[in-house]
Amino acid sequence: MLLSHRRGIHLLFSRGLLLALLLSLGAISAWAAAKDAPEAAGGTFRQWLTEFYPLAAEQGVSAAVYSQAFAGVREPDTRVLEKARYQPEFTTKIWDYLDARVTPLAIQQGQQLGNRHARTLAAIKARFGVRPSVLLAIWSMESNYGAILTRTKRLHAVPRALATLAYADPRRQKFGRSQLLAALQILQAGDISAAEMLGSWAGAMGHTQFIPSSYLAYGVDLDGDGRRDIWNSIPDALATAANLLAKNNWQSGKTWGYEAVAPPGDQTGLVGTTKTLAQWEELGFRRPQDQAFPRPQDRAVLKLPAGPKGPAFLMLKNFFVIKRYNNSDFYALAVGMLADRIAGYPPLVQPWPRPPWSLTMTEKYELQQLLKKRGFYQGVIDGAIGSASRRAIRAFQQQAGLAVEGKPSRDVLRALRRQPSS
Ligand SMILES: [Ca+2]
């Protein structure tokens, strides 16, 4: 395991079968000893780090940089493994996803930050061809305009987090190893100090949340201080995001897609097919409020994110370029819609097919506030109903003698409003 396959074979032929056998026996007995002595598990992680170093050295990482990257580290980061194991116990609907991200606050902050960083954004537009509102929307989605970077207790030392995945998460071993090598190259280049290299459990870093390999591919030093600093420099972080989009063939001057009204009937069979906007019009697809499609020869893909009863979308090339950032239709739609709102365009015309029991965004805030007031919820009031909010709903339902299902419904809200504060 500790030698790569290729290097193991090289060893076998260059130094002989006997040596290779002896080495593998040695590795087996060391493994057996570690297994018999669970208190030595930390030592095992240290040993893994020692044995990983030659691979880093091959990438030009000095011993000094390597030991700095793991200074004081004895054990894997168990919080990383907990977060890696987490699976949401419910599926999010598109309207709940968008409610939590395309919020009045995110739009307002995006507009204010757009004014504050107008010169930077204009320079990025000139160099990479990406309009400011798209970059502001990505910044909001990725780090809440940098707010998550200030909650350092929730962040992880990136080299340790990636080594943990490589060492202890079989499903992410390959990812952990390759990203760790990339992270060490960033440290070697001196773009950031080891102590400042903080990120998510999976190694996403800075204002625009780049994993180390993407950082190496797209990092930009826009402010010209000689370092590509996506952690502390907003110009660098936004330019790096723009560079990713540009290098993936962003089409300057074009939008991401159009809200469309589908013709009567179930159009699910056409989802994912590509036609020109003119051809979609011939099939009966229209923009709401009888606006014309600009450039009818542009090719577009049909999406029905909420199924046949919800609004249709005709997605242009840039929608799929946004997905290079995060390979999710929900994500790309949220970036596109938030960007449009920041740029001053109106919201969607057609409603989402929300079930009758579901709550509006204002009601979700009220639900969380009441759960907090009644002592069931300790999380943030952000209108995003995740696991913690659902646990709180279940706890409340149990105490109130209601059916325990944890759904953020109108019934639950009514029951909470009736219950006096404890
Ligand atoms: Ca810089």
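Just after helix H18, Gly375 adopts a positive phi of about 85° in this predicted model. Helices (H or I, at least four residues) and strands (E, at least two) are DSSP runs numbered from the N terminus. Residues are numbered from 1 along each chain as its sequence is written. Because the model is predicted, local features need pLDDT of at least 70 and side-chain atom pairs count only at pLDDT 80 or more, while totals for chains, interfaces and linings use all residues; side-chain values use heavy atoms, with hydrogens and water left out.

Helix H18 itself comprises 13 residues, 361–373. From its first C-alpha to its last, H18 reaches 18 Å, close to the 18 Å expected at 1.5 Å a residue, the expected span being 1.5 Å times one less than the number of residues. Met361, Glu363, Lys364, Leu367, Gln368, Leu370 and Leu371 of H18 are buried. Here, buried denotes under 20% relative accessible area, exposed over 50%, and partly exposed the range in between (1.4 Å probe, protein chains only). The buried residues of H18 pack against helix H6 (94–101), helix H19 (387–400) and helix H20 (410–418), contact being defined as heavy atoms within 4.5 Å.

The loop between H19 and H20 contains Ser409. With a relative accessibility of 7%, Ser409 counts as buried. When neighbours within four places in sequence are left aside, Ser409 is in contact with Trp357 and Leu359.

An open sheet of four strands was also identified, with the order E3-E6-E5-E4 and antiparallel pairing. Its edge strands are E3 (257–260) and E4 (274–276), each of which pairs on one side only. From one strand to the next, the twist averages 35°; axes are lines fitted to C-alpha atoms, for helices over the stretch in contact, and angles run from 0 to 180 degrees between N-to-C directions. Two strands are taken to pair if DSSP finds at least two bridges between them. Strand E5 (residues 299–303) and strand E6 (residues 312–315) are joined in the antiparallel sense over three bridges, and Val301 stands opposite Met315 in E6.

Most residues other than glycine have a negative phi. Two residues in the loop between helix H15 (277–282) and E5 are considered here. Asp290 lies in this loop and has a positive phi near 55°. Asp290 is exposed, at a relative accessible area of 73%. Arg295, also placed in the loop between H15 and E5, has a positive phi near 50°. Arg295 counts as partly exposed, with 39% relative accessibility.

Over the chain, the secondary structure comes to 20 helices and six strands. Buried residues make up 45% of the 422 residues. Of the contacts with a separation of 6 or more, 65% are accounted for by residues 24 or more positions apart. The chain exposes about 21500 Å², of which carbon and sulfur atoms supply 54%; accessible areas come from the Shrake-Rupley method with a 1.4 Å probe, and for residues only the protein chains shown count as cover.

The mean pLDDT of the chain is 90, and 89% of its residues reach 70 or more, where pLDDT is the predictor's confidence in each residue, from 0 to 100. Over residues 1–42, pLDDT stays under 50, and the model has 15 contacts beyond four places in sequence for this segment. Where pLDDT is low, the predicted coordinates should not be read in detail.
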